[in-house]
Amino acid sequence: MVGCAGMAGDELSLSHFDPFDPVFLADPYPQYHRFRTVEPVHHGVPPFPAISRCYYVFRYEDVAGCLADDRLLRTRPGTRGRNPAEPRWIRTLGRSMVLFNDPPDHHRLRTLLATAFSPDFVQGRRAHVEATVDRLISAVPEGAEVDLMSGVLAPLPVHVIAAILGLPEEDHGLVRAWSDDLIAATDPRRSVTGVTRAGDAARELLAYLEDIVRDRSADPGEDLISRMLLARRAGDRLREDEVMANAMLLLSAGHETTVGLLGNGVLALLRNPDEWRRLGREEAVLPSAVEELLRYDSPIQMTFRFAAENLALGGNTLEEGDAVGLVLGAANRDPEVFTEPDRLDIGRAGGRHLAFGLGTHFCMGPALARMEAGLALRALRRRFPRLRLAGDPEWRPTISFRALQRLPVTTIDRS
Ligand code: HEM
């Protein structure tokens with residue numbers, strides 16, 4: 001199993017799958033292809049020191065099978081709220097966050113949240129999202145070299161989700177800084193200082209949300225926090241601490257992932273100028289373009305599960321508590337499912353990618369993410385049809401979340 005990663009002559013050889021390798025960060029796909037071919041279930045480097053054994057899964061069919069397997073849980077058995085793999089703020093808040101719960105508690109939280117965060121409610125936000133996109137894109141100077149991440153693609157999702165939650169516009173910058181700190185600490189590639197900063201951010205954000213939740217309890221509005229407080233199902237409702245925890249989850253889940261989709265998506269299009277031009281010629285291709293960008297360079301590259309009992313996986317025997325790394329980014333490039341998976345084809349038919357997960361924890365935000373990405377790409381393509389890369393992009397040092405820190409471009413206008 002241990003050897004040098006790469007091709008030796010015609011032979012494939014493997015090292016441990018090591019998502020901490022800097023080469024992996026820039027382009028994880030060659031590693032994924034090697035493991036998918038040679039060792040599709042790989043006993044590799046555990047994502048967190050407290051976990052002794054982790055198996056990474058690369059093939060589409062296996063990843064989808066694991067996501068649908070109710071013997072694989074989000075929470076390590078026997079550690080509910082005490083999982084040493086998670087920072088303390090997650091252990092405390094995680095008890096109330098839908099993502100960190102397993103059935104049956106998960107079902108209760110998800111049903112109540114879905115009542116508040118309904119498709120109609122999301123659709124009703126379209127005009128606001130469009131106005132936010134237009135405001136940010138029209139502020140980008142023409143004929144200049146700019147970083148598209150800091151100017152447009154990173155601030156857009158936070159403005160959208162914070163406004164949906166009903167947080168005042170003047171607080172959005174603060175909320176974004178807290179959320180960035182929180183996300184960095186949930187990633188396997190996190191530092192001790194990062195975890196400390198996240199703890200501070202969690203406490204400050206929680207205190208901030210406490211005031212907002214108190215206000216909305218007394219005087220509900222049209223925003224999502226008010227809707228969560230008012231949501232009722234079969235005589236049940238969310239407690240205030242559950243509203244706060246899930247508002248926090250929606251803020252970070254709904255924000256960092258969409259930043260990934262926008263940045264990775266624009267980068268992929270600019271590296272494939274024919275596809276960028278095609279987007280301008282055929283705006284009807286926009287919905288399939290968004291799906292293809294989600295598949296091609298997925299914002300969440302991997303997610304983890306824990307075995308609830310001993311079970312067999314690809315010739316290995318997992319023991320209760322073992323971790324499984326489900327590599328969504330590898331599944332989405334599986335040639336068994338996607339013809340020429342490394343080719344970007346914005347008209348690709350079929351939407352079977354796993355970028356939003358599958359099964360119990362399937363993402364609650366696809367409608368919002370698709371709307372935001374569609375509107376942003378259309379506006380960007382219309383305003384800057386001759387947009388060009390102006391240097392190497394810079395990736396954020398996170399592994400589960402794949403997103404850009406900087407995307408230098410030249411904004412030649414349409415004239
Ligand atoms: C491109 C954007 C997005 C991507 C790629 C994405 C991806 C995902 C994935 C892969 C999961 C499942 C994680 C797992 O199974 O362990 C998930 C769950 C979730 N997502 Fe998203 N997401 C996106 C946007 C959003 C948005 C905009 C929201 C809400 C504002 C959101 C809210 C959630 C929630 C609440 C869950 C947990 C669901 C549950 O545990 O039942 N996501 N997302």
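Cysteine 363 first. Cysteine 363 sits in the loop between α16 (328–331) and α17 (366–383). This is a predicted model, so please keep that in mind throughout. What does the iron atom of the ligand get from the protein? A single donor: the SG of Cys363, 2.3 Å away.

Now the rest of the ligand's surroundings. There are 30 residues around the ligand. Which come nearest? Arg74, Arg110, Thr303, His361 and Cys363. By class, the shell divides into 18 nonpolar, nine polar and three charged residues.

Where do the shell residues come from? The largest share is from α13, with seven residues.

Take arginine 74: an N or O atom of its side chain is 2.7 Å from a ligand oxygen. Arginine 110 also has a side-chain N or O atom 2.7 Å from an oxygen atom of the ligand. And histidine 106 places a polar side-chain atom 2.7 Å from a ligand oxygen.

Next, the backbone. The peptide bond from proline 103 to proline 104 is cis. Its omega is near 5°. Proline 104 belongs to the loop between α4 (88–94) and α5 (105–116).

Then positive phi. Alanine 234 has phi near 45°, and it is not a glycine. Where is alanine 234? In the loop between β7 (232–233) and β8 (236–237). Buried or exposed? Alanine 234 is exposed, at 86% relative accessible area.

Glutamate 340 is another non-glycine with a positive phi, about 45°. Glutamate 340 lies in the loop between α16 and α17. That loop also holds cysteine 363. Glutamate 340 counts as partly exposed, with 47% relative accessibility.

Last, a helix: α10, residues 172–186. α10 has 15 residues. From first C-alpha to last, α10 reaches 21 Å, close to the 21 Å expected at 1.5 Å a residue. Which of its residues are buried? His172, Val175, Trp178, Ser179, Leu182, Ile183 and Ala185. They cover an arc of only 160° around the axis, so they are on the same side of α10.

To recap the iron: its single protein donor is Cys363, through SG.

Note on methods
Residues are numbered from 1 along each chain as its sequence is written. This is a predicted model: local features need pLDDT of at least 70, side-chain atom pairs count only at pLDDT 80 or more; totals for chains, interfaces and linings use all residues. Side-chain values use heavy atoms; hydrogens and water are left out. Donors are N, O and S atoms within 2.8 Å of the metal (3.2 Å for Na, K and Ca); water is not among the atoms, so sites may look incomplete. Helices (H or I, at least four residues) and strands (E, at least two) are DSSP runs, numbered from the N terminus. Buried means under 20% relative accessible area, exposed over 50%, partly exposed in between (1.4 Å probe, protein chains only). The expected span of a helix is 1.5 Å times one less than its number of residues. The arc is that of the directions from the helix axis to the C-beta atoms. A residue is near a molecule or strand if one of its heavy atoms lies within 4 Å of it. A polar contact is a pair of N or O atoms within 3.5 Å; within protein, one must be able to donate a hydrogen and the other to accept it, and residues adjacent in sequence count only if both atoms are side-chain atoms. Ala, Val, Leu, Ile, Met, Phe, Trp, Tyr, Cys and Pro count as nonpolar, Asp, Glu, Lys and Arg as charged, and the others, Gly among them, as polar.
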